[in-house]
Amino acid sequence: MPLENALAYLRAAASGRRIPPVAVIFGPHAFLREFILDSIVRAIVADGCKYRGFQIGAGDDYGALLNELRAPDLFAPTLAIACRVLRSRRDRADDADPGDSRRPGNGAGEPALIEALEDFRGPGHLVLLYERDNAPAKVRRAVEKSALMVNCMRPFDNQIDQYVLAFAASLGLKLSPAATDMLISRHGGDIAAIANALSKVTIFTEPGKPVQPGDLDEPGARRMPEQFELAESLANGRTSATLAQLGRAFSLGRDGFEILAVEIIPVMRRMMIAAALLGSGGNSGSVAAALGMPPQSGMVTRAIEGARRFGLRRLERAYWRACAMDAGFKNGLMKEREQALAGLLLDLMSRPE
């Protein structure tokens with residue numbers, strides 16, 4: 001089977017795709033690896049398989065896993081075996097051949113695993129998760145024709161909205177366009193936070209009813225502001241809401257350096273890019289292309305609105321002041337972070353152009 005990325009697998013899984021006997025998961029994105037593993041295990045356990053989990057560390061071999069593959073089980077004719085190969089095993093020398101009696105663990109190393117993979121045809125399932133960027137070449141060659149192989153790469157910015165919809169589909173949710181935009185504007189490229197927010201929505205959302213932006217808000221005035229919520233209020237020009245969220249974030253433990261570096265400076269940069277392009281005759285399409293996002297993205301819309309609201313000169317002044325403030329925070333020259341950030345936001349949002 002051809003190598004797939006995580007997004008392609010999630011889309012195929014939403015359409016009811018059957019899982020082949022062997023699945024191999026790897027890639028640099030840790031959350032996607034775990035999400036794909038959980039998705040596959042849930043799918044095959046729902047078919048009536050009995051689940052078994054294994055973990056292979058630096059000093060372990062595949063003996064227990066191989067014994068489980070070969071041992072009959074009268075009470076569970078089909079097994080769902082998930083094996084996580086830890087990153088610590090990556091630095092080991094290659095295992096000896098099964099017939100090499102000079103090495104301990106004879107017959108339980110990687111060659112024995114490869115032989116078992118080549119012979120494995122079900123009726124159960126074996127899922128291998130490698131906590132590394134690539135699976136071993138020998139393993140990939142042994143299963144490339146029949147196994148499902150998922151490479152969990154870091155998503156590009158223009159794929160975030162597609163991941164949001166894929167996560168929602170895997171949880172049986174339908175998202176309204178406004179709810180999708182809210183999730184992206186709050187969490188940006190943090191797809192783990194997006195998946196977590198969608199998982200919480202499943203607790204109280206009515207089945208079949210589209211999720212609205214209000215369903216994504218936690219009740220209570222003292223809740224911790226979501227990441228990027230302050231940036232959204234800033235781009236929309238809501239001065240009182242921005243200052244209130246800033247004060248609540250500080251009172252509930254968020255760090256001023258993190259707020260400045262993750263929320264305020266990036267949203268200023270996006271608005272500056274939009275203001276510069278619009279001032280030179282560009283349109284929303286050129287702004288979206290420069291930001292690397294789809295034109296219908298809420299982040300693009302808010303960047304354009306903020307650019308028109310504040311103007312390029314005011315944004316430039318505030319941006320350089322924010323960069324100097326960031327350096328002051330890092331060097332320990334500025335102690336009153338909440339007051340400094342509040343002054344920066346007031347100066348940007350209140351001064352006439």
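Author: Two strands pair if DSSP finds at least two bridges between them. E1 and E6 are joined by two bridges in the parallel sense, so they count as a pair. The model is predicted, with local features needing pLDDT of at least 70 and side-chain atom pairs pLDDT 80 or more, while totals for chains, interfaces and linings use all residues. Residues are numbered from 1 along each chain as its sequence is written, and side-chain values use heavy atoms, without hydrogens and water.

Reader: What makes E1 and E3 edge strands?

Author: The sheet is open and has six strands in the order E1-E6-E2-E5-E4-E3, with parallel pairing. Strand E1 (4-5) and E3 each pair on one side only, and that makes them the edges. A strand here is a DSSP run of E with at least two residues, a helix is a run of H or I with at least four, and both are numbered from the N terminus.

Reader: How do you know that E2 pairs with E5, and what stands opposite Ile25?

Author: Strand E2 (residues 22-26) is joined to E5 by four bridges, and the definition asks for at least two, so they pair. Val127 in E5 is the bridge partner of Ala23. E2 and E6 are likewise parallel, with four bridges. Ile25 stands opposite Val150 in E6, and Glu4 stands opposite Val150 as well.

Reader: Which way do the residues of E6 point?

Author: Leu148 and Val150 point one way, Met149 and Asn151 the other, and all are buried. In a regular strand the side chains alternate between the two faces of the sheet.

Reader: Why is Thr180 called buried?

Author: Thr180 has 8% relative accessibility. Buried means under 20% relative accessible area (exposed is over 50%, partly exposed in between, with a 1.4 Å probe and protein chains only), so Thr180 counts as buried. Thr180 lies in helix H7 (residues 177-187). Setting aside neighbours within four places in sequence, its contacts (heavy atoms within 4.5 Å) are Val164, Leu165 and Leu175.

Reader: Which residues of helix H3 are buried, and what do they pack against?

Author: In H3 (residues 63-70) they are Gly63, Leu65, Leu66 and Glu68. The buried residues pack against strand E3 (50-56), strand E4 (79-85), helix H4 (110-119) and strand E5 (125-130).

Reader: What is the volume of the largest pocket, and which helix gives the most to its lining?

Author: The volume is about 450 Å³. Of the 25 residues that line the largest pocket, Asp157, Ile184, Met293, Ser297 and Met299 are closest to its centre. H11 gives the most to the lining, with five residues.

Terms used. 1 Å grid on protein atoms, 1.4 Å probe; cavity = no way out; pocket = protein on both sides within 12 Å on 5 of 7 lines; lining within 4 Å. Points joined across faces, edges and corners; volume = space filled by probe spheres on them.
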